Amino acid sequence: MRSHFWNRSAALLAVAAMAACGGGDGGSSEAADDAGEATPAAAAVDPSTVGTISGMANFGGMVPTMEAIDMSAEAECAAGYGADGPMAQSVLVSEGGLANVFVYLSEGVSGAPAASGAATLDQVNCRYTPHVLGVQSGQDIEISNSDNLLHNINATPTENRGFNISQPRAGITSTQRFQVAEVMVPVRCDVHGWMQAYIGVVDHPYFAVTGADGSYSIANVPAGDYTLTAWHEEFGTQTANVTVTAGEMAVATFDYNAEMMGAEVPMGDALVLEHGTNRIRVERTQ
Amino acid sequence: MATIVAEATGQAILHEEHEQSFLRKYIFSTDHKVIAIQFLIYTLFFLMIGGLLAMLMRYQIAWPARGELPLGGIFPESMVASGYILPEFYNALVTMHGSVMVFLAIMPMLVGVWANYLIPLQLGTHDMAFPRLNMLSFWAMVPAGILTLASFFVVGGAAGAGWTLYAPLSARPDLTGVGLGQILWLAALVFIGLSSILGSVNYITTTINMRAPGMTWMRMPLTIWSLFITAILALLAMPVLSAAGIMLIFDQTIGTSFFLPEGGGQPLLWQHLFWFFGHPEVYILILPAMGFTSEILSVGSRKPVFGYKAMVLALVSIAFLGFIVWGHHMFQSGMNPMLGLTFTVSTLFIAVPSAIKTFNWMGTMWRGNLQLHSAMLFAIGFVAMFAIGGLSGVFMASTPVDIYIHDTYFIVAHIHYVLFGGSLFALFGAIYFWYPKMFGRMMNETMGKIHFWLTFVFFNLVFFPMHGVGMVGMMRRIYDSTGYAHLQGIEDTNAIITWAAFGLFASGFLFAFNFFWSLKKGRKAEANPWNATTLEWQTPSPPKHGNWEEIPVVYHGPHEYSHPDVEDKDWLAQNERPDVVSPAAGSH
């Protein structure tokens with residue numbers, strides 16, 4: 001109880017310090033900011049004991065061409081896109097940076113503040129916003145619908161309890177939670193087959209999602225040695241060892257290229273077709 | 001506990017009465033009449049719940065874009081959000097409306113209430129063959145009701161795969177978002193199966209073994225015949241559903257794949273098992289209603305039932321044919337055309353005994369001294385509505401027509417003409433008819449007649465237009481029909497149906513008021529207020545524990561009205577000695 005109090009006090013001071021310094025996170029873009037809102041660690045640390053991890057997800061070589069999405073069945077949604085129309089979002093590269101990489105501390109974390117605040121997942125123009133979302137276990141996820149048409153939100157985790165809810169009109173919200181760490185939880189809309197999102201659930205607040213420029217930043221990480229893991233829906237996972245020193249910024253960069261497409265992507269259960277038997281075997285791909 | 005010794009000769013009966021505790025008399029009673037009243041209260045409650053679910057459905061169907069559900073704020077966010085009924089809650093409403101009405105309202109009201117109440121009284125015996133099993137058959141329904149109600153409030157909500165529970169929708173939570181709710185309903189179904197099986201064993205045994213002296217098979221009232229045949233159907237059909245339900249629970253909980261193709265199972269197996277139960281179930285839901293109607297029409301027309309033996313044979317024929325037609329529910333699932341033709345032909349055969357019964361009811365009323373009290377009005381309403389429901393059933397029996405209209409509102413109209421216009425009309429009639437025997441007071445006739453006319457008018461306003469809506473192609477379980485080009489233009493019809501449904505639901509409250517008001521304020525009933533012939537009317541109203549001081553001896557058939565050899569009255573009770581009434585009024 002007492003240490004909890006001091007942790008909170010220190011965290012408040014840290015927030016004030018971060019705010020005064022501009023947050024030290026200039027590289028995070030919109031997607032990362034969305035995830036940042038869901039990062040309760042930003043609320044409570046002792047500045048003399050924490051540092052920051054930041055870096056880039058770089059993409060080299062030819063960028064895979066994303067397929068166009070046929071949204072003609074939902075004219076209201078299709079109208080929200082430019083002349084080129086909506087494109088798939090699985091590989092988004094801008095000026096050499098890869099967006100929507102979920103970066104989180106996978107080893108070395110001991111103890112973490114409880115989740116607070118709510119993460120948000122919206123449905124805008126028949127797309128999930130953000131495409132990749134990070135949350136802390138037990139944290140509220142406010143799911144809303146900005147489209148005035150029916151979406152269902154079908155989350156199919158393997159470690160957590162799944163849900164399959166619908167939002168038939170704009171303005172409807174629903175709050176959900178995942179209680180156990182799980183990277184990743186796929187989310188889809190069964191009405192619109194192209195709608196896909198991923199929710200990374202970790203039991204601490206030290207995670208981020210790379211923004212449109214490929215940058216990320218995880219603030220308020222207690223000093224220590226960690227393993228950092230980066231997850232991407234097409235390129236699988238990479239890890240890096242980082243040492244965080246109090247008051248300093250550690251840098252970890254992840255490199256991607258088109259040849260890594262098709263890597264094993266850890267995500268709950270995979271359905272593997274056994275040819276010739278007409279059966280589907282369920283296989284865990286951890 | 002009373003000691004009962006019935007002597008087959010109809011001589012003196014030893015029947016010891018002693019004080020019972022409140023708990024044994026009213027809660028854990030083994031008296032068939034108390035158990036029947038327990039079933040009646042239970043089923044009326046679930047009839048109201050089922051109706052309430054239907055009203056929520058109708059609101060959504062009529063005004064899918066409006067939101068603003070009245071009292072929407074009292075529902076959790078997982079059911080109603082921003083005034084909108086959510087699609088998954090709508091699925092639960094559709095599923096549980098059908099499930100509650102079939103399994104917790106209509107079926108136990110037809111059988112649990114009236115088989116319990118009438119079999120010992122009309123057969124002239126003290127109680128059921130197995131009174132404790134009888135008590136258990138009611139108390140097995142209690143956890144079923146609790147599980148059903150609880151399922152609405154668990155994560156994921158109540159079952160949403162339709163009342164037919166088709167796999168894999170019902171077997172895989174990820175497809176509907178419903179996990180525990182589905183399991184709870186299946187568990188409830190197992191309890192319902194247990195109740196039904198226990199009850200059926202009792203009804204069959206009692207009917208075969210405990211008839212009063214002189215109560216030959218062909219002197220049994222048609223009500224008893226219908227309940228007896230129904231009990232046989234239930235005994236053969238319910239175990240199939242219970243077994244299938246347990247298999248489905250296993251698929252959901254311990255990883256079996258009876259009905260899941262990814263594990264080598266067959267979704268079609270579920271359909272076969274369900275409908276092998278399901279079609280006999282249709283007759284479980286209508287045969288008792290036919291029995292009540294025959295009885296009430298005969299009393300209300302002051303004439304014997306026209307073609308008594310033909311009526312019995314028709315009941316038996318319907319029951320037999322009911323077991324070989326289940327495939328007609330699965331035409332859309334795909335089957336060999338020759339098999340489809342077989343099911344078409346066997347289904348059409350059922351029209352023959354059904355028509356025999358319909359014409360015999362009209363023959364019973366023909367040139368009768370009609371007494372249009374509430375019970376009689378509902379019985380006549382039954383005949384008319386059943387005829388419409390039966391005729392629309394002929395459409396469905398034909399494979400090529402069925403494939404077009406099966407998953408539309410046409411079938412919703414059909415099932416409600418049979419199950420509401422049929423079964424429930426007859427049930428209302430039965431309650432008005434036997435209420436004085438049950439509670440010793442008459443229900444208010446004025447309120448009863450208003451209730452009938454409101455129900456009759458609103459019922460037809462609700463369900464007749466559904467034939468048309470279905471022919472246009474409105475899908476039977478659709479959440480929001482407004483987004484489909486081929487369904488443009490039916491919005492007003494849907495709104496009218498919904499307003500009429502509200503009226504229908506409201507008229508039910510008039511019945512409920514009459515029911516409870518009459519318990520205290522109703523005119524005291526004499527033993528035989530309808531001048532009826534069957535044995536239950538020859539005991540006080542209500543009958544005492546044990547029913548009879550002496551087991552009656554039966555001399556006549558069940559419907560001896562306007563007997564030519566009886567001069568001072570137009571009826572002859574089954575237990576009236578012929579030599580006392582008139583030397584010529586011999587055994588019939």
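**Exercise 1. Work out what share of the contacts in chain A between residues at least 6 apart in sequence join residues at least 24 apart, and get an overview of that chain.**

Step 1. Among contacts in chain A between residues at least 6 apart in sequence, 71% join residues at least 24 apart. Two residues count as in contact if their C-beta atoms, placed from the backbone, lie within 7 Å.

Step 2. A word on what you're looking at: this is a predicted model, where local features need pLDDT of at least 70, side-chain atom pairs count only at pLDDT 80 or more, and totals for chains, interfaces and linings use all residues. Residues are numbered from 1 along each chain as its sequence is written, while chains are lettered from A and ligands numbered from 1 in the order in which they are written.

Step 3. Now the elements: chain A has three helices and 21 strands. Both kinds are DSSP runs numbered from the N terminus, with helices being H or I of at least four residues and strands E of at least two.

Step 4. Of the 286 residues in chain A, 43% are buried. Here, buried means 20 or more other C-beta atoms within 10 Å of the residue's own, exposed means 12 or fewer, and partly exposed is in between, with C-beta atoms placed from the backbone.

**Exercise 2. Find the order of the four strands in the open sheet of chain A that contains β14, and say which strands stand at its edges.**

Step 1. Reading across, the order is β14-β4-β16-β17, and the pairing is antiparallel. Two strands pair if DSSP finds at least two bridges between them.

Step 2. The edges belong to β14 (207–209) and β17 (236–244) of chain A; each has a single partner strand, so one side of each has no neighbour in the sheet.

Step 3. From one strand to the next, the twist averages 30°. For such angles, axes are lines fitted to C-alpha atoms, for helices over the stretch in contact, and the angles run from 0 to 180 degrees between N-to-C directions.

Step 4. Zoom in on one pair: β16 (residues 224–232) of chain A and β17(A) are antiparallel and share nine bridges. A:Thr227 has A:Asn241 in β17(A) as its bridge partner.

**Exercise 3. Over in chain B, find which residues of helix α4 are buried and what they pack against.**

Step 1. Helix α4 spans residues 131–139 of chain B, and its buried residues are B:Pro131, B:Asn134, B:Met135, B:Ser137 and B:Phe138.

Step 2. Looking down the axis of α4(B), these residues fall within an arc of 155°, so they line one face of the helix. The arc is that of the directions from the helix axis to the C-beta atoms.

Step 3. The buried residues of α4(B) pack against α2 (32–62), α3, α5 (141–151) and α7 (180–209) of chain B.

**Exercise 4. State how many residues each chain brings to the contact between chains A and B.**

Step 1. Chain A brings 15 residues and chain B brings 15 residues.

Step 2. On the chain B side, α3 (87–123) and α6 (173–176) each supply at least two residues.
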